[in-house]
Structure formats: C-alpha cells, structure tokens
Amino acid sequence: MPEKVQRFLLIIFLFISISSTAQVQITGTEELMDYSNPKEYEIGGLTVSGVQFLDESALITLTGLTIGEKIRIPGDDISDAINNLWKQGLLADIKVIVKKVEGKLIFLDFALQERPRLSKFSFEGVSKGEADKLREKLGLVTGKVITENLKQNTVNKVKDHFVEKGFLFVEVNVSTSKDTSALNSEIMTVVVTNKKRIKVNDIIITGNTEFSEKKIRRKMKGTKEKGFYKIFTSSKFNETGFATDKEKIVEAYKDRGFRDARIVRDSVYRYDRKTVNVEMTIDEGHKYYFRNITWVGNTKYSTSLLSQLLGVKAGDIYSQQRLDEGLIISQSGRDVTSLYMDDGYLFFQVTPVEIRVDGDSIDLEMRIYEGKQARINNVTVSGNTKTNDKVILREIRTKPGELFSRSDIIRTQRELAQLGYFDQEKLGVNPKPNPENGTVDIDYVVEERPSDQLQLSGGWGAGQVV
C-alpha cells in the first residue's frame with residue numbers, strides 16, 4: 001500500500017457485537033483491509049473522545065493498550081480493547097478511529113458514547129406508601145448508569161415484592177424517557193398492572209402414605225386453600241410461605257424415620273382468573289430405625305450414662321430431631337452436650353456418624369472430642385447506658401475463675417430478663433474462648449427499655465381546675 005494512502009484518516013468500524021468478519025475501512029480509497037492481510041503498527045498515541053462523566057485516563061487504562069505497544073490491524077488487539085471497555089457496562093457505543101499514521105506509528109482515538117444516567121424515577125399503578133417501600137428495596141439513586149441489567153433487576157425486585165404479597169400474576173414494565181433538563185440523563189417510569197391478589201383454589205398431594213393429605217395440609221401454615229369456613233386464615237398464595245411449608249413437610253417425614261423423604265415435583269398453575277392450584281408429589285422413601293449405637297472418645301463419663309441421656313434404644317424409629325435433642329440441646333437441659341458444658345468442657349464436640357445402613361436399620365458411632373475444661377477469665381456487660389454495671393453484675397452467675405457452665409449462662413439470661421430493665425428479645429451472650437490457655441471471656445449484651453414517662457391528670461373542683 002502506498003505510504004501517502006496510509007496518511008489518510010482510517011476509520012475502524014467496530015460495533016458492540018465484535019465479530020470475526022469486522023473490517024477496517026481506509027478513508028479515501030476503495031481498498032478494504034481484512035484479516036487475510038494484517039499489518040503491524042506501533043501505537044504512537046491513545047486518546048478518548050465523546051465522554052462527559054467518565055475519566056479519560058481510566059478508560060485508556062481499561063483498553064489494555066499502551067503507547068509503544070505493537071499491534072496488528074486488523075487483529076484481536078483492537079477487538080479485545082473494545083471488549084474490555086464494553087464489559088464495564090458504562091457505554092452505549094464504541095468506535096475506534098485511526099487519527100493518523102506516520103510510517104509504522106499509528107494514533108488511535110476511542111470515540112465513545114456513554115450510557116444515559118438516571119435523573120429521577122417514578123411509579124404508576126401503586127399507592128404512595130407502596131412506592132416508598134419499593135424505593136427502599138430498589139436502592140436507585142440519581143446518577144446511576146441505566147443499563148438493560150438495571151432495568152431487568154428493577155422489574156424482578158418489584159415483581160418479587162408483589163408476589164410475596166399474593167399478587168402472583170402482577171405485570172411490571174420499565175420505560176425511560178429523555179430528561180431535557182440534564183445532560184445525558186433519562187427518567188425511569190415503573191408501571192405496575194394486573195395487581196390482583198391470587199388465592200389458592202386447591203392443594204393436590206400425591207405419593208403420600210405415611211401422612212394423610214389432611215395432615216399434610218395442616219402442616220402447611222403458609223399455604224391454605226380458600227373456603228367459606230376459613231375465616232381466620234388467608235388463602236393468598238405466597239412463594240416464601242410455600243417454600244417454608246415444603247421444608248416443614250420433609251422435616252415431619254424425617255421425624256417419622258423417613259430420612260430420604262423429599263418433594264420430587266411441585267407446581268403452581270392458574271385455575272381461574274383469581275386462583276391457582278398447588279400440586280406436590282412426595283417420595284417418602286423407606287422408613288428407618290436405630291440399631292446399634294456406640295460411643296468413642298469419652299473418658300469423663302461412662303457409655304451407659306451417655307446412652308441414658310441420649311434416650312435412644314435399638315428399634316426406635318430413626319429421628320434426626322430426637323437425636324439432636326439427646327445430643328445437643330433439650331428443653332429439660334438433660335442432654336449430652338449440657339452434661340459436658342456444665343462441667344467446664346466448653347470445647348466439647350460430639351459427631352454422630354452412620355457407620356452402617358443395613359436394610360431399614362442404621363448403626364451410629366458417636367465420636368466425642370472432650371477437650372480441656374475452660375475457666376472463666378473476664379465477665380463484662382455491654383449495651384447498658386443507664387443501668388449501672390454493678391446492678392447487672394450482681395445478677396450474673398458466671399464468675400471469673402470458675403469453670404464454664406452453660407446452664408449458669410442460661411439462668412443468668414433468664415434473671416436479667418426478670419429485672420424488667422432490658423428488652424428480652426435483645427438479650428445476648430458473646431463468649432470469647434481462648435483454646436490456647438483454656439479460658440473464656442463472657443460478654444453479656446443488653447438493650448435497655450425506654451423508661452422515661454410523663455403522667456398528667458386533671459379535674460375540676462372547688463371552682464377551679466386541678
């Protein structure tokens with residue numbers, strides 16, 4: 001190619017969807033450079049044009065190209081540079097212009113068009129209170145770059161909000177319009193239609209033999225079919241409630257020994273304009289039983305005592321809940337873990353391992369790590385602003401120097417709640433164990449109730465206001 005031709009401006013038309021057939025048009029000639037005849041150049045200069053809000057030097061860095069680097073045109077170097085910019089999601093159009101060519105030096109300009117930014121947004125088809133809730137969930141802010149992904153996320157979040165409330169077939173559309181009062185800005189409008197509450201017409205259950213359909217429906221607190229006799233329960237369909245109900249059904253089966261039970265299929269489909277049918281197919285699996293239970297690693301307490309606390313005998317129906325209650329925590333406090341932790345064994349662990357499954361019988365091995373006894377180092381209180389530490393500490397039964405005791409911590413929490421100074425739901429304990437020296441720091445976290453009150457009373461007597 002003659003050198004004088006190279007001095008003409010070269011415009012490289014590389015569009016958003018870069019393809020292997022992209023071509024380079026040399027202005028002023030009919031000649032096309034294609035990939036069958038690439039030429040090598042050294043980058044003499046890199047510039048960016050067309051941007052208003054983005055940093056030009058940062059964009060040049062994102063291209064991955066540097067001055068002095070040798071590239072081939074046509075070639076993958078320019079395509080990669082455009083892809084690097086495009087995947088940032090900030091640009092609507094990218095073109096690369098060859099500003100000039102001096103021998104083997106080439107000077108490139110990235111002509112960019114920024115995506116519009118959000119100036120404001122509004123809702124149609126929802127109440128003001130509902131719109132305020134949606135604003136909090138969406139987290140949209142002025143200046144955010146408007147992308148297709150942003151629009152789709154907005155649609156999904158608004159839909160999820162209404163589906164959760166029982167509006168199963170709600171329709172959400174997002175549109176944008178140019179904001180003439182600001183540069184490169186658009187106004188977003190979220191339109192909500194078909195906002196009708198969907199109720200459950202019928203719940204259809206198949207595959208169940210251990211539990212009747214009636215009993216399974218009773219366990220479904222979040223999914224109820226409509227009926228004239230159901231005055232105090234709602235029959236609206238709720239996806240979150242349905243998911244929770246399915247978990248409860250599986251848990252009920254596992255508590256009856258069906259440890260492999262699962263819901264193999266479920267579907268929700270429209271029955272009429274206002275209701276849906278809910279279908280579930282249950283695979284109950286086999287019913288299992290406990291058989292041999294052995295203990296390994298226990299030196300502090302005898303196997304017979306641990307087995308007595310566990311409360312499980314050979315031939316009992318296999319139940320994970322029953323196993324957990326006997327090993328970890330029970331309402332009465334008579335479980336294996338409490339036995340150890342009330343005697344200072346803070347680092348105690350017990351792991352039930354299925355060592356054999358023979359037909360419908362399961363052999364378990366209880367693997368115990370006793371660890372060392374831990375003593376209490378520091379006891380602190382946090383969260384109190386009005387109540388003096390001394391008032392709280394005198395109610396605390398865990399003292400520095402004593403062996404760690406889980407039951408003492410539980411009793412302390414109960415007695416702190418009885419003082420009436422603190423929010424019972426916010427009471428917490430933050431143990432900080434130190435396995436190296438066998439100690440533990442205990443921090444009791446409280447949150448005081450508001451106690452400031454002003455009482456006024458009045459009346460009329462003796463000819464005056466009292």
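**Terms and their grounds**

Modeller: To begin with a strand pair, β17 and strand β19 (residues 439-445) pair in the parallel sense over six bridges. Ser382 stands opposite Val445 in β19. Keep in mind that the model is predicted.

Colleague: What makes β17 and β19 a pair?

Modeller: Two strands count as paired if there are at least two bridges between them. β17 and β19 have six bridges, so they pair.

Colleague: Which strands are the edge strands of the sheet, and why are they called that?

Modeller: The open sheet has three strands in the order β17-β19-β18, with mixed pairing. The edge strands are β17 (375-382) and β18 (428-434), as each pairs on one side only. On average, neighbouring strands of this sheet are turned by 20° against each other, direction ignored. Helix α12 (residues 406-418) packs on the sheet and touches β18 and β19. The direction of α12 makes about 20° with that of β19.

Colleague: Why is α4 called oblique to α5?

Modeller: The axes of helix α4 (residues 128-138) and helix α5 (residues 148-164) come within 10 Å and cross at roughly 130°. That value lies between 115 and 145 degrees, so α4 is oblique to α5. Their crossing is right-handed.

Colleague: Which residues of α4 meet α5?

Modeller: Glu130, Lys133, Leu134, Lys137 and Leu138 in α4 meet residues of α5, including Val158 and Phe162.

Technical notes: Residues numbered from 1 in each chain as written. Predicted model: local features only at pLDDT ≥ 70, side-chain atom pairs only at ≥ 80, totals over all residues. Heavy atoms only, no water. Axes fitted to C-alpha atoms, helices over the stretch in contact; angles between N-to-C directions. Helix = DSSP H or I, 4+ residues; strand = E, 2+ residues; numbered from the N terminus. Parallel < 35°, antiparallel > 145°, perpendicular 65-115°, else oblique. Left-handed = near helix turned anticlockwise from the far one by under 90°. Contact = heavy atoms within 4.5 Å.
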